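Have a look at the sequence and the fold first.

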Amino acid sequence: MGVAVVLLGCSTAEDPYLWLEDVEGDDALAWVEERNAATRALFTADSGFETLEERLLAMFDADDRIPYVYKAGPWFYNFWQDEANPRGLWRRTTLDEYRKDDPEWEIVLDLDALGREEGENWVYSGASIIVPGYDRCLVHLSRGGADATVVREFDLVAKSFVEGGFVLPESKGTVSWAGPDEVFVARDFGPGSMTDSGYPRIVKLWQRDEPLDEATTVFEGEVTDVSVGAYAELSPGYEMQFVYRGRDFYNSDRYIRRGEELIPLDIPSDAGYAVHRGWLYVTPRSDWATGGRTYPTGSLLAVGVDDFLAGGRDLAVLFEPGEGTALAEYSLTRNHVLINILDNVRNRIEVATPGSNGWTVEPLAGVDASGFHTVDAGAVDADGDDRYFLDTTDFLTPPTLALAAVGEDPDVLKRAPAKFDAEGLAITQHWATSADGTRIPYFEVSREDATEPRPTLLYGYGGFRISQVPRYSAGTGLAWLERGGVYVVANIRGGGEFGPDWHQAALKAERPRAYEDFIAVAEDLIRRGVTMPKQLGTMGGSNGGLLMGNMLTMRPDLFGAIVAQVPLFDMRRYHQLLAGASWMAEYGDPDDPEEWAFIQGFSPYHNVSEEVDYPKLLVTTSTRDDRVHPGHARKMVARMQDMGHDVIYYENVEGGHAGAADNSQRAYMWTLAFRFLWESLAVN
């Protein structure tokens, strides 16, 4: 059953569970099915499991969800899954029709029908529509929800795949239009064409009717890079081509391509950027000294592209972070910039406008910035006009989608109905103090009249600059809050809630700061009497799954139950498994002895002990997750079970890194997590 040879620099003598890294090996899948069967049998005896699963599935399939759309040409496109269409419909309508309570939709592509016709378990992974024609697109199809996709050219007029059109076999990578009859392709071109992270290191320009192996090489990176790629801005009058080389997860070389020449874009390698209608927008993630001044970390800057390429370095500052404020994101309309700001993890929106005397910045009209709302403002048609969609929600308020043009009050298009009983519930924000004295905010959703400790679910992530903000989760409300549970979201370091510095404070050797922050929030909940350890559960996925593993090994006394979803656990080998090498800028390099010295401290797989009494643990993953290898979850569970610990395991055969490929799978996975938590934490 085991592997008898050295595998990726680690022998079975060092790691007896290496055989579980063979994703689709017979022995590994037999091990998976044995544990899946035990988990199914365990929850079959749970009288509330089927009831909750049915309620969740009905909610996920409900017709009254907001069908979010995006504009391409005259059409507004939407992807929709429900009971009749589990794999989904890619469809479109007009704005006038969309305004109606029951719009009429034109089906563009039926994924269920396509899967039946071709005998494939296709999952829709998006489509890139050509500009400005809007008559063709590149459709991405994933087998079972994996990141790797098959790409096919699709005719949006005939609503069929283009015979003899652009077609690419399954691979990770990028494909983007370079013109009506050419595309930039960064894919797996054969041996030596991929990086250690499993992404392309070569990008080519491929002409229509040309064999792929004759496509022109545009750029080659190194195998130690994360990835390379290219794309084009095709808006009439502003056509430009760009090439990028991702040296690590946070640092890239960027170029403007003119003919065969690559002109370096002279911005910091860790800065974000966008080019739109003659303007270059830059978001420095470290202080940037240029042109005789220093632009601060986390700011948003603007300068004319031609001026910048000619050496001009007088950049307009559209946003500069202050105490407690950070740039969440920005969106570009034809003539304005919508700036989404987090102020102590509360949203507000400003609008920046260029004029003859420079830029002006003012609050966006008609946007309510009070309370704990999360507000997203995104351009409808960045080239066409200044309209934007405004999406507003919080933990207890279903989303509202509105439409407006800059300078006008928003007009409500859709309101989602409530999916759980929120009467008597309230949102509050609190602050815990971490081990080094840093104040850590967290949101709590609970009953206003509660006086006794009660089952509490603490959620966290803490990595990759991803912010945790108040959003309506109908599943959490129905499965947890409605039953009387408390829901808490922690804004720990590693995220982006307070800008790049908040993220960088938990990189590599500083990673334990994120775990100390999470522990501080858990301790604060207990100190405040919200809950007690045997009633405190925690849940997280991916990097949040690594957080869960470290809560298990670092502070098992704090929690009564833990759910780790698609987790990282083995930090000695994470960089050798699938996309893991791309995250070394976040966690460090285990092959460097100095870095392994600190990484080992937050590698749950190496810190679990036979002697410790651990909280109840549920680990879930997906066989088709080609981002975080399912071997992390499998090996951790095998090791713990062999030590005599009681661990529940479930591996969905589909779903990719999302863990589920359709609403039925999604309902089952949600039910599994929430029934486990409630049964583990409810104290009579």
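Arg152 counts as buried because its relative accessibility is 16%, where buried means under 20% relative accessible area, exposed over 50% and partly exposed in between (1.4 Å probe, protein chains only). Keep in mind that this is a predicted model, where local features need pLDDT of at least 70, side-chain atom pairs count only at pLDDT 80 or more, and totals for chains, interfaces and linings use all residues. Residues are numbered from 1 along each chain as its sequence is written, and side-chain values use heavy atoms, with hydrogens and water left out.

Arg152 sits in strand β7 (residues 149-155); strands (E, at least two residues) and helices (H or I, at least four) are DSSP runs numbered from the N terminus. Its side chain makes a polar contact of 2.8 Å with that of Glu118, meaning a pair of N or O atoms within 3.5 Å; within protein, one must be able to donate a hydrogen and the other to accept it, and residues adjacent in sequence count only if both atoms are side-chain atoms.

Now for strand β39: six of its six residues are buried, so the rest of the structure largely encloses it. Here's how they point:

| Direction from β39 | Residues |
|---|---|
| One way | Val647, Tyr649, Glu651 |
| The other way | Ile648, Tyr650, Asn652 |

Strand β38 (residues 616-622) runs parallel to β39, joined by six bridges; strands pair if DSSP finds at least two bridges between them. Ser622 stands opposite Asn652 in β39.
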